[in-house]
Amino acid sequence: MHPVAEAISREWPEVFLGSREALGDLTIYLKPDGALPVFHSLHEDVRYAYDYIVDVVSVDYPKESERFEVVVILYSLSRKHRIMVKQRVSELSPVVDSVVGIWKGAEFMEREVYDMMGIQFRGHPDLRRILMPDDYDEGYPLRKDFPLIGKGWRDDMSFVPKMQRISKDNRKIAAKD
Amino acid sequence: MEQEKVVDKVAEHIEETRRREVILSSLRQTVLNDLDSTIQTDQFLLNMGPQHPSTHGVLRVLLDLDGERIKRSIPDLGYLHRGTEKIAEYRTYNQIIPMTDRLDYVSAMANNYAFVRAVEKLLEIKIPERAEYIRTIVAEVQRIVNHLFWLGTQALDIGAMSVFFYTFREREELLDLFEIICGARLTSNYYRVGGVDADLPKEFINRLYKFLDAFEGNIKEYNILLETNRIWLARTKNIAVITGEDAVNFGMSGPSLRGSGVDYDLRKYEPYGVYDQIDWNVPVGINGDVYDRYWIRIEEMRESSKIIRQCLDKLPPGRILTEDHKITFPDKGKVMHNMETLIHHFLLVVQGFKVPPGDTYCGTETPKGELGFYIVSDGSGKPYRMKIRAPSFIHIGALDHMAKGYMVADIVTIFGTLDIVMGECDR
C-alpha cells in the first residue's frame, strides 16, 4: 500500500475503506460520515500537506445501490503528489461534508457538483445552482437518467410546428416578391 | 547606437517614474484616509453584464458598493453553458477533440493538448519523439498567441489602446502559421490521440524562425508603450493583491498564481512533452498584484520563444503519429486499396477506439492555468464521464476575494488580470 494510504488507514480505521494505485495516481476510498476530520488532516498534517485543491467531481452509477461517487482531487505542492479521495453516497441521502472550510476554492466546485448532479454538501456557505438558472427545476443535467435532448419545455418541442406553419405562409409571400 | 540611447533613456525614465510612484502612493494613502472619514457614502447594488465589453464574454457580476468601493462582488455564471460534459458522454474520443476547441477559444491548441494527454494517460501509449517536439512547439506558440491577445485587450480595457494594435500584428502572423499546419486560425483540431494531425511544413519552420528573431524587439516595444504610461502603471500596481497562500487555497493556477510568488507550473512539476529536455525558467512574481501578473506573462512569452527555438533546433525526424493502429487511423493510401483496412477505418470512425476501464485525472499547463480532464472509462469507445477542470471557472471563484475593497473602476482590471474566457468557464 502507498505510505499515505497506510498512514490514513492506521489513523482513521473506521472511515477508511480502501486504496488503489493506478496510472501513477493514488486513490483512497472513505465513508462519507466522518470524512471531514480526514480532510482536515490531509490539509494540515505536514506528512500529507495537500494544500492545493484541484477539483471536486461527481460520477453517476445508476445501477449501483450507492449511486453517486464524489471525487475530491488534491495536490501537494511541496511533495508534488496527487491524491483522489472518493466517497460513495446513495440517491436517498446524497449528502457529503463540504470542504469549503479547508480549501476556499472548493466553494464553486461544490456548487457545480450540486448543480449538475444534485449532491448536497453539509456546511457549504452558499449552495445554489451555478451554471443552470436559479429557478431551473427539471432535475440535474449530468445524471445518467437525464436525456441528452433536455427536459421541460424542450421535451415536446411544441413551438416547432407552429413556427413551420408561419414560415410556410411567409415562404409563399416571399416567393411572390 | 541611436536605438540603444533611446532604450537607455526609456530605462532611466522608467526608474524615475518608479521613484515618484512610491512617494505618490504614500501621499495618496493619507489623502484617502482623510476622505474616508469625512465623505458620506451611500450603499447600493450595481448590476454589471452579462453584455459588457470588458467582461470578455458573457459574465454577469452583482456589485455591492459602498460609495465607489466594492464591498462584495457576486459572479453569476452560466450564460455560455453548452453542456460540453454531457455531450461528451455520447461522442467518441476523436469527436470530442474539436469540442475542446470551443472551450477556451483563444487558445484551442492548448485545450486539444490537455484532452489528448488525458486519453493517452488512460491508454498508456507512447508518442513518437518528433510528435512530442511538434506538440511542444505548437503549445508554446499558442501560449504566445494567448498572452499577446491578453496583453492587448487588458491594456485596451484600462484605456491604453495603442499596444492592442502592436500585439495583434504579431498574433496575426502566428495565426497564419496555425493556418498552414491545420487549416484553421482559431478552432484548430490539430492534436490527435497518439500524435498530431500533420507534419510541420518547411514554410512553417522558416517563418517561425523569422518571427522569433524579431519577437524580442517586439516585446521591448510593448514594454516601452506600457511602462512609460503613468496612468497604466497607477491602475495596475497594488491592485487586486492576493497572497500566495490564499491563491493556493483558492486553487488558482498559471500566471495568476505565479504572480503571487508560488512557482507551481505543471511543465516543471510533472514534466510532459519535451519540457524536461530543454533549458527554460519559470518566472515568479513578488507582490501578487496586477502588474506582477503582467510581468509574468511578458516573461513567459520570452521563455516560450526560448523553448520554441530550442525545439526547432533539435527537431528529430520520424513519425508524427503512433504506429498503434488500434488507436490511429490506417494510412489513407492503404484504405483506398485494401478491403480489411477499409473495414478497420470504418469501425474506428463509427465505434471509436476502445479505452480500458478506469479513471484518471491529467492536468496540463495551458496559458490560463491548469486545465485538467478527469475521464472515467467503462471500456467502450465513449467516455463514461468527462469532467473539465477549467482554470477560468476556478479563478472566478476568487474574484470576490480579490475585488474586495477596491474601486468600482478596478473591477475591469481584475477581470483582465485573471485572463477569463467564458467559453471555458461555463463549458
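Here are some questions and answers about a predicted model with chains A and B.

User: What makes a feature count here, and how are residues and chains labelled?
Analyst: In this predicted model, local features need pLDDT of at least 70 and side-chain atom pairs count only at pLDDT 80 or more, while totals for chains, interfaces and linings use all residues. Residues are numbered from 1 along each chain as its sequence is written, and chains are lettered from A and ligands numbered from 1 in the order in which they are written.

User: What makes up chain A, in helices and strands?
Analyst: Chain A has 4 helices and 7 strands. Helices (H or I, at least four residues) and strands (E, at least two) are DSSP runs, numbered from the N terminus. From that end the order is α-β-β-α-β-β-β-β-α-β-α.

User: How do you know which strands pair with β5(A)?
Analyst: Two strands pair if DSSP finds at least two bridges between them. Strand β2(A), residues 25-30, has 5 bridges to β5(A) and runs parallel. Strand β4(A), residues 68-76, has 9 and is antiparallel. Both pass the cut-off. One bridge links A:Tyr29 with A:Lys86; another links A:Glu69 with A:Arg88. The hairpin of β4(A) and β5(A) has 4 residues between the strands, and A:Lys80 there takes a positive phi near 50°.

User: How do you know that chains A and B touch?
Analyst: Two residues are in contact if their C-beta atoms, placed from the backbone, lie within 7 Å. By that rule, 25 residues of chain A are in contact with 28 of chain B. Elements giving two or more residues to chain A's side are β3 (52-60) and α3 (106-117). The largest share, 6 residues, comes from β3(A).

User: What makes a residue on that side of chain A nonpolar, polar or charged?
Analyst: Ala, Val, Leu, Ile, Met, Phe, Trp, Tyr, Cys and Pro count as nonpolar, Asp, Glu, Lys and Arg as charged, and the others, Gly among them, as polar. The side of chain A that touches chain B has 18 nonpolar, 1 polar and 6 charged residues.

User: Why are the buried residues of α6(B) said to line one face?
Analyst: The arc is that of the directions from the helix axis to the C-beta atoms. The buried residues of α6(B) fall within an arc of 120°, so they line one face. Among them are B:Val163, B:Leu177 and B:Ile181. On the other side, B:Phe165 and B:Arg169 are exposed. What covers the buried residues includes α5 (129-158) and α7 (202-227) of chain B.

User: What makes β6 and β8 of chain B edge strands?
Analyst: The open sheet has 3 strands in the order β6-β7-β8, with antiparallel pairing. β6(B) and β8(B) each have a single partner strand, so one side of each is left without a neighbour in the sheet.

Note on methods: A residue is buried if 20 or more other C-beta atoms lie within 10 Å of its own, exposed if 12 or fewer, and partly exposed in between; C-beta atoms are placed from the backbone.
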